[in-house]
Amino acid sequence: MYSTDTITGETLFQFPARRAARSVVLETMAGQKRLRVKMQRYANEWIARLTLPAGWCIYRFVVDGHVQWDR
């Protein structure tokens, strides 16, 4: 899931840490930007904060090398 902070303009991406995943990578395409960012592990979730251009954002998570789409 993701949400945008209206004050900072950052987009916060969150992925639940229910599984014993070793790495989670966020792949996103927003505007003309295509990014691949390693997410940081916190107690109950993986988190990435990005500043993205306004408009649509398409994203997916890569969990230990396997693609997982957010529902």
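Tutor: Strand S3 (residues 24-30) is mostly covered, with six of its seven residues buried. Buried means under 20% relative accessible area, exposed over 50%, and partly exposed in between (1.4 Å probe, protein chains only). Strands (E, at least two residues) and helices (H or I, at least four) are DSSP runs, numbered from the N terminus.

This is a predicted model: local features need pLDDT of at least 70, side-chain atom pairs count only at pLDDT 80 or more, and totals for chains, interfaces and linings use all residues. Residues are numbered from 1 along each chain as its sequence is written, and side-chain values use heavy atoms, without hydrogens and water. The pLDDT is the predictor's confidence in each residue, from 0 to 100. The protein averages 87, and 96% of the residues score at least 70.

Now the partners. Two strands pair if DSSP finds at least two bridges between them. S3 and S7 run antiparallel, joined by seven bridges. Here Glu27 has Arg60 of S7 as its bridge partner. S3 also pairs with strand S4 (residues 33-38), again antiparallel, over six bridges. Met29 stands opposite Arg34 in S4.

Next, the turns. The S3 and S4 hairpin has two residues between its strands, and Gly31 there takes a positive phi near 65 degrees. Asp64 has a positive phi of about 50 degrees, yet is not a glycine. Most residues other than glycine have a negative phi. Asp64 is partly exposed, at a relative accessible area of 27%.
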